[in-house]
Amino acid sequence: LKDGLEMSMTGNEPFTRRRREILSMLPSFLTPIIETLFSFIGSQLGISLPQFGIKRFPLGNCVVVTPPSEGSVEMEVDITNGHNSHNLSPIVITVGGIRVQSGYMKDKQMAARPVLHMSASIDL
């Protein structure tokens, strides 16, 4: 997985090379539009078209995001799919961290216990 990601990021993967070849043949004003279209086809629709350099779900079917634990105790992470960003997988899991929360034990005594906070986003 690590080697595949490195190949993809450096541009040595066959899909990336083919996509670059196609984009280099286009006029410069069309390049961002076609790149967005290719990303949508691969990332959102999950369609693989090797002849166009489109790979389905380039980072896999699930991405796990763990925010840094430094700094404040309460931390929020916004994962958005804005107009300039692309979701690269249909499932995103965010691991928030372990916090101490008070609660009742089985013997009805108050105690502090660790709680793991997680959230998931699924694009259908």
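**Notes on a predicted model**

1. Start with valine 64: setting aside neighbours within four places in sequence, valine 64 is in contact (heavy atoms within 4.5 Å) with Ile93 and Val95. Valine 64 is exposed, at 53% relative accessible area (exposed means over 50%, with a 1.4 Å probe and protein chains only).

2. Before going on, some ground rules: this is a predicted model, where local features need pLDDT of at least 70 and side-chain atom pairs count only at pLDDT 80 or more, while totals for chains, interfaces and linings use all residues. Residues are numbered from 1 along each chain as its sequence is written, and side-chain values use heavy atoms, leaving out hydrogens and water.

3. Now the hairpin. S2 (residues 91-104) and S3 (residues 110-122) run antiparallel, joined by 13 bridges (strands pair if DSSP finds at least two bridges between them; a strand is a DSSP run of E, at least two residues). Glycine 97 sits opposite histidine 117 in S3. Between S2 and S3 lie 5 residues, and lysine 108 in the turn has a positive phi of about 65 degrees.

4. Last, the helices (DSSP runs of H or I, at least four residues). The axes of H2 (residues 14-25) and H3 (residues 31-44) come within 9 Å and cross at roughly 150 degrees (axes are lines fitted to C-alpha atoms over the stretch in contact, with angles from 0 to 180 degrees between N-to-C directions). That makes H2 roughly antiparallel to H3 (the label for angles over 145 degrees). Among the residues making the contact are Arg19 of H2 and Phe38 of H3.

Conventions
Parallel < 35°, antiparallel > 145°, perpendicular 65-115°, else oblique. Buried < 20%, exposed > 50% of the residue type's maximum accessible area, 1.4 Å probe, protein only.
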